[in-house]
Amino acid sequence: MRMRLFLTALFGILALAPGLAPAKMVDDRISVPRETGSPMGAVGMVLHLGADTAAIGTGFLVSPCHVLTAAHVVAEPEGISSDQVLLFFAGSGELGPEYREAHSFAALSPARPVVWGENHDFDSGSTADRRAAWLKAGWDDWALLKLDRCLGDEGFGYLKLLPLSTQEMTVNGGARPVVSVGLPADHNNDTLTADPACTLLGQVDSTGWQHDCTTLPGNSGGPIIAAKPEAGEDWPRVMAITVIGKNEHWDELKPQIVDVGSPDYLDLLPTAVPVSAFIDKVAPYLPKDAKTEAYLAKHHGADRGYDIKNPKPAIDDLTKALAQKPHSPMLLTRRGLWRETAEDQPSALSDYSAALRADPNFAPALYARALLRGYRNDKLQGDSRAALADFEILTRRFPDSARLRIARGSLLYGNYDYRAALGDYDAALKLDPGNISARITRANARMELGDVKGAGEDYDAVIKARPDASYLLVERASYYMRARRMDDAFADIAAALAIEPDNPSAISSRAILHLDLGEVNAALNDINQAIRLDDKPDGPRIALRGTVRQIKGDLAGAAADYREGAKLDPTEPFDPLLLYVVLSEAGQKKEAEAALRDLLKRWPTTEWPAPLALHLLGEMSEADLEKAAGTGTEILRKYQDFDWHFYLGSAAMVRGDKARAREYFQHVVDTNMRQFLEYNLARAFLERLGGAAYVKAN
């Protein structure tokens, strides 16, 4: 039962979880004065006056006449230009009614961009474009402004910078206590708002540096300041600029407090641009500073951190940090994440387990291990059971986490326990009614359980909430196909492609619709296009092409695709079975049996579909096979019944028993399980055996 459409974000787009239970999360931000002569007198507001609106961000003086802020605070729709005029406000006072947004400030100056990083738009374009923009924003989102009036000479002073390379930050422990300062939208502008006790961790994922300071719109461009000086440093010194938050409650102006004790701590960290990313560009405009000069003498060019395509340097640097702190659960967990990026899953699991030995209550490591075990799902290693055990601990400790409920529900879904999964999705939606991930995965679970009406309501709800999300339209197209609403299915694919014209998932889904209608040439054209568009080879899509080729009679091409699919997706057991069928059809009996032997080397004999492979090899009776097919959840039993009828029908066809083959294939078609590749293969085989017409020549 090689599934053709796969759930989006089973372990990806998850709900935001509350903090550590039973302790109650508190907002520890404080008000900080910004009067002339105070340490924070250099921090003020950048006002961007557009045609219809005024955008507000935070900025801070870095020389008597220059202000640093975020590029996205400055950018016009067409980008940034030195001709732009913004306003910078400082101090505490009353400027008058004409500056409503700045009524609490004492001084202002026009400001013009001098030098800046690239402003990236991650709200439009294809998914790949938005992902690329997000990755770059943590390094490029900065701008230096020149003031007409040098407010730093009027008593407001300026903040010095503290450049540290990403490597230096990691090797020296991978964390630094910091204070973030800004003008968040949930507070008024009478004073600055500071998070006085947060942590800057350097580069945790693929973009910029991460921190756990509480941020909201308005904080953008604000300084992240070293909490205290280290040897040889004067204070205050700015280490980074606040740029990107991860907060789904911004519309409510509700702060998201990132707690190191929560399981998804590392997933929720906001991003900052480190000073090292732009110090070489801004230094010529700033007063001479020994720290900056020493850094520039040692480092040439802008710091771009670790490359996600080459994770080894990050792993090596974290290993150096662990030599100093060998029992740090945070460093061990972070190295595990980079080892996952390097596709070294056994080493990543080892790091997560080591982190938990160092601190059994360190929830981020337990969550990372549960997700990796669930994603890896190696049957011989028992990963699925181990992942569920980890999630059981987590959900007991954090009963009000929608994110955990969705993750566990997705794992249960992958184990075909749709009713239990549905319980987790229902619980998640009670905790977080607007959660898109919970609703789309619940829709899929409902569909598998036969609740077509409920599934449709969920699909419609998520698309109403996110009409610009092409992947949701692709999901609903699959639902429409199974509900036999083909015009609606094609309309959803067309809408998805209008949003993302080169979306391989949408194009491969259109191939599935064509295949369902018997339009095999159109299906082949689409799946070839989708494979060409893939960033990297995708096992399910290549297996789909193998099925189309097999239906067209290209047995060699189909066999090559099933082999490649199995190589790319080794935890999928049905590619070897599909390979067995096509090789048997081609008369290559020994090669067909070898495919089943390869499957049994990596698949427990008690786990389905191993009994099917054993029967096809002559090592299990049909009665025992039927008994094995009757075990498991209610849905799994239906799937297993589908499987053994299809594969035994294929075996009967190859040995020339046409009547038995027709009986088996008709049973497969009668199940209406259109989500599986074998369904349309059964239709094609039935046609060859004298059954209903299926394949359309044109």
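Mentor: Helices (H or I, at least four residues) and strands (E, at least two) are DSSP runs, numbered from the N terminus. This is a predicted model.

Trainee: How many helices and strands are there in the protein?

Mentor: The protein contains 27 helices and 14 strands.

Trainee: And how confident is the predictor, on average?

Mentor: The mean pLDDT of the protein is 90, and 91% of the residues score at least 70. Over residues 4-24, however, the pLDDT is below 50, although this stretch has 70 contacts in the model beyond near neighbours in sequence.

Trainee: What about overall dimensions: what does the C-alpha trace span?

Mentor: Along the principal axes, the C-alpha trace spans about 95 × 55 × 45 Å.

Trainee: What share of the residues counts as buried?

Mentor: Of the 698 residues, 57% count as buried. The protein exposes about 28,300 Å², and carbon and sulfur atoms supply 51% of that area.

Trainee: Turning to proline 274, where is it found?

Mentor: Proline 274 is found in strand β14, which covers residues 271-274.

Trainee: Is proline 274 buried or exposed, and why?

Mentor: Proline 274 is buried, because its relative accessible area is 0% and the cut-off for buried is under 20%.

Trainee: Which residues is proline 274 in contact with, leaving aside neighbours within four places in sequence?

Mentor: Proline 274 is then in contact with Gly138, Trp139, Trp209, Met239 and Ala240.

Trainee: Lastly, what about charges: how many positive and negative side chains are there?

Mentor: There are 78 positive and 96 negative side chains, and the centres of the two sets lie 5 Å apart.

Note on methods: Residues are numbered from 1 along each chain as its sequence is written. This is a predicted model: local features need pLDDT of at least 70, side-chain atom pairs count only at pLDDT 80 or more; totals for chains, interfaces and linings use all residues. Side-chain values use heavy atoms; hydrogens and water are left out. Buried means under 20% relative accessible area, exposed over 50%, partly exposed in between (1.4 Å probe, protein chains only). Accessible areas come from the Shrake-Rupley method with a 1.4 Å probe; for residues, only the protein chains shown count as cover. Lys and Arg count as positive and Asp and Glu as negative; His and the chain ends are not counted. The place of a charge is taken as NZ of Lys, CZ of Arg, CG of Asp or CD of Glu. pLDDT is the predictor's confidence in each residue, from 0 to 100. Contact means heavy atoms within 4.5 Å.
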